[in-house]
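Biologist: Could you take a close look at one helix for me and describe in detail what surrounds it?

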Amino acid sequence: MNVVRSSSSQEYKTRIRTFFVLYFLQGLPHGLQSGFLPLFFRAHGMSLANVSLYKLLLIPWVLKAVWAPIVDLYGHKKLWLTWSLIALIFISVTASNVSPSDYTSLTGILFIFNLITSVQDIAVDAFLIDVLTPTQLATGNTAQVVGYKAGSLFAGGVFAWFIDLLSLRVIFITLAILYTLGLLVNITYLPYTDSAKVHQISPNAQQRTSTNNLVTGTVQPNATNQSQSLSHGDGRWFFLKMFETDGTLWMLAFMLLYKTGENGVTNLLPLFLLDEGVHAHDVGFWTGMVGQGMSILGSAVGGFIFTSSMTTSLQIQLTSRTVSVLFIWLSVLLWSSSFPFVNANWPPEVHTTHRAWHHIVAA
C-alpha cells in the first residue's frame with residue numbers, strides 16, 4: 001500500500017485536526033450510552049437490571065478484533081470511513097423517528113450503531129498510523145484520546161445536563177448533523193491510499209509494530225515458525241503476532257482489571273446519585289460535564305508527559321486514578337443528603353438558560 005504521508009507542517013496540522021474530528025465522532029456513541037441513556041432510562045422508571053443489560057449492546061466493541069483484519073487488508077481506509085459515516089447518518093435519522101418507549105427498536109438501532117462505530121474505529125486507527133510518521137504518532141495519539149473524550153463529553157455530559165429538555169428525537173437529529181459534518185471533513189481533508197492487496201501485508205506493518213511497542217513498552221521478538229508459516233493476509237497471523245509479543249498476556253490481564261473497575265465506577269455512580277435524590281440534570285453536570293472535562297484535561301496532560309517518559313506518565317496516571325476511586329468510595333460510604341450539591345439551588349442565570357433552551361427545543 002502506497003501511503004500518502006504528511007509532507008508539510010500545515011498538512012500535518014490539518015490531518016491532526018481532521019483526526020480529532022473523527023475521534024470526536026467516535027466518542028459520541030460512548031457518551032450517549034454511558035452517560036445519557038442510563039440516566040434517561042432510569043429517570044423514566046427502568047430497573048437497574050434492565051439498564052445494565054443495555055451494556056450488552058457494546059459487544060461489537062469486544063469482538064472488533066474479528067473483523068479488524070478485514071478492514072485492514074481490504075479496500076481503501078477512506079472508503080471504510082466514508083461508508084461508515086453514511087451508515088451512521090442513516091441510523092441516526094432512523095432512530096429520531098423511534099418512540100422512546102419502543103425499547104425493542106431502540107435496542108436494535110443501538111446495536112447496529114455500535115457495530116458500525118467499531119468498524120469506523122478500526123479504519124481511523126489504521127488510517128492514522130498510515131498517514132503519520134513515527135515522530136508524529138504521539139501527537140496523533142493525544143488527538144485520538146482527547147477527541148474521543150470530547151465527543152463523549154458532548155453526548156454524555158451536555159446531553160445529560162439538559163436531560164429534562166432534550167428528547168431522543170432532538171438528540172439523534174443532532175447526531176445526524178454532526179456525522180454529516182464529519183463526512184464532509186473526511187471527504188475534504190483525508191487522502192486516499194491505494195487499495196490493499198489480498199494476502200499481502202502492508203509495508204507499514206513494521207511501523208505498526210513499532211507503534212504497539214511504543215504504547216506497551218515492549219520489544220517485538222522474532223516470530224516463531226508457526227506465525228512465519230502463515231500468510232500475512234491470513235487473519236490468524238495478526239492474532240499470533242499479538243500473542244508472540246512480550247508482555248501481551250500481562251497487559252491483557254491488567255487492562256481487563258483496570259477497565260472493569262473504571263467502567264464499574266463511572267457507570268454506577270450516576271445511577272447511585274439519581275437514586276439518592278440528586279436531580280438528573282445535576283447528575284449530568286457533575287458526572288458528565290465536570291467528570292469528562294477533568295478526564296480530557298488528564299488525557300492532555302498525560303499525552304504531554306508521555307512524550308518525555310512513558311513510565312513516569314503511567315505511574316502518575318495510575319496514582320491519580322487510585323486516589324480518585326478512593327475518594328468516590330469514601331463519598332458513597334459517607335453519603336449524606338446534606339451534601340451541598342444534592343438538590344442544589346442553581347443560580348438564577350442557570351434556570352434562565354434552561355428555560356431558554358426549553359423554548360428553543362419546544363419550537
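Modeller: Helix 1 (residues 9-43) gives the most to the lining of the largest cavity, with 4 residues, where helices (H or I, at least four residues) and strands (E, at least two) are DSSP runs numbered from the N terminus. This is a predicted model, in which local features need pLDDT of at least 70 and side-chain atom pairs count only at pLDDT 80 or more, while totals for chains, interfaces and linings use all residues. Residues are numbered from 1 along each chain as its sequence is written, and side-chain values use heavy atoms, with hydrogens and water left out.

The structure holds 1 cavity of 30 Å³ or more, a cavity being a set of points, on a 1 Å grid over the protein atoms alone, where a 1.4 Å probe fits but cannot get out, with lining residues having an atom within 4 Å of a point. The volume of the largest cavity is about 80 Å³, taken as the space filled by probe spheres set on grid points joined across faces, edges and corners. Its lining consists of Gln33, Leu37, Pro38, Phe41, Val51, Tyr54, Lys55, Leu57, Leu58 and Leu110.

Pro38 also belongs to the contact (heavy atoms within 4.5 Å) in which Ser34, Pro38, Leu39, Arg42 and Ala43 of helix 1 meet Asn267, Pro270, Leu271, Leu274 and Asp275 of helix 12. The axes of helix 1 and helix 12 (residues 248-275) come within 10 Å and cross at roughly 30 degrees, with axes fitted to C-alpha atoms over the stretch in contact and angles running from 0 to 180 degrees between N-to-C directions.

Finally, the unreviewed UniProt entry annotates residues 20-41, among others, as "transmembrane region", although such annotations may be inferred rather than shown by experiment. Over residues 20-41 the chain is 100% helix and 0% strand, with the end C-alpha atoms 30 Å apart.

Technical notes. On a 1 Å grid over the protein atoms alone, a cavity is a set of points where a 1.4 Å probe fits but cannot get out, and a pocket is an open set with protein on both sides within 12 Å along at least five of seven lines; lining residues have an atom within 4 Å of a point.
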